[in-house]
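User: Please take me through the strands and the ligand site of this model, giving the cut-offs as you go.

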Amino acid sequence: MPDYALMNQCLYEGKAREVEQMTRDALAGGCSVREVLLEGLIAGMSVVGEDFKHNVLYVPEVLIAARAMKAGMTVLKPLLGPGGDTNSTGRLLIGTVRGDLHDIGKNLVCMMAEGAGFQVKDIGVDQSVEKFLAAADEFKPDVVGMSALLTTTMSYMKVVVDGFEQRGKTGIKLAIGGAPTSQAFADEIGADGYGADASGAVDLFLSLLEKKNAPAQ
Ligand code: B1M
């Protein structure tokens, strides 16, 4: 059993190399990708979040911790990569909405979606409605996913939803996620669904795909 408390502490202190090595060691020791992700990485980041909230940590420390988290995620990514039944999957366009620079959760969603066989186009952070629309024209997604971590940026999701509505969505399903969002908020802004976490997001994308491909009644 890996010392997840130590791994969490290393992540907290931003020791990227140590976190990367511990991630490798945990996998080599037979731990599942899911366990290492949840117990080793996400648990450590939650403590960072709490201390950030209470002004124990400030932006530079959080950025360094985020870099350590990404180092661990880089090891896990190939193991979450495409495999399985690619016939049942679709195309996902995803980005963090305008004004918002948070991308760790979005990146995790991308990895899990790729793991489920989705073709993923990630347009990055701080993306305007125009960028979402232009990327959709080019990539032709089945699902467009939006991420927001700030209460001040989540309202921009409605701008994106409205942008797609005004243009006629042509069957594209719109999904949202990120800590301040909820199913109630998705309903309020007219999005097609909300995913609470990365695996919930993948379940959502799959169910939206099923709805999209269902024969019209
Ligand atoms: Co920011 N930050 N931050 N931050 N930051 C939060 C979000 C905050 C809650 C911290 C706090 O006060 N406790 C707070 C928001 C408060 C609020 O709005 N209610 C906050 C703030 C205030 C800010 C700044 C304004 C701080 C400042 O400058 N004064 C600033 C804003 C910058 C900006 O975006 N314009 C800022 C900056 C930053 C950093 C740059 C330092 C860094 C981001 C680095 C990066 O992402 N590259 C950062 C970080 C790291 C955080 C915390 C600590 C961690 C976020 C994270 O990565 N979590 C965060 C506190 C927290 O969340 N506890 C915080 C781990 C990740 C795996 O979870 O992102 O929730 P999460 O993603 C989950 C789900 O939400 C979901 O699945 C993911 C995986 O399970 N999900 C989706 C996400 N997207 C989805 C999309 C989907 C479906 C599910 O479908 C499409």
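Analyst: Two strands count as paired if DSSP finds at least two bridges between them, strands being DSSP runs (E, at least two residues) numbered from the N terminus, as are helices (H or I, at least four). This is a predicted model, in which local features need pLDDT of at least 70 and side-chain atom pairs count only at pLDDT 80 or more, while totals for chains, interfaces and linings use all residues. Residues are numbered from 1 along each chain as its sequence is written, and side-chain values use heavy atoms, with hydrogens and water left out.

User: Which residue in β2 does leucine 93 stand opposite?

Analyst: Strand β1 covers residues 91-96 and pairs with β2 in the parallel sense over four bridges. Leucine 93 stands opposite a residue of β2, namely lysine 121.

User: In what order do the five strands of the open sheet lie?

Analyst: The edge strands, each pairing on one side only, are β2 (119-122) and β5 (193-195). The pairing is parallel, and the order is β2-β1-β3-β4-β5.

User: Which side chain has an N or O atom 2.7 Å from a nitrogen atom of the ligand?

Analyst: A polar contact here is a pair of N or O atoms within 3.5 Å. Glycine 99 places a backbone N or O atom 2.9 Å from a ligand nitrogen, and threonine 151 has a backbone N or O atom 2.9 Å from a ligand oxygen. The side chain with an N or O atom 2.7 Å from a ligand nitrogen is that of serine 147.

Technical notes: Polar contact = N/O pair within 3.5 Å; in protein donor to acceptor, adjacent residues only side chain to side chain.
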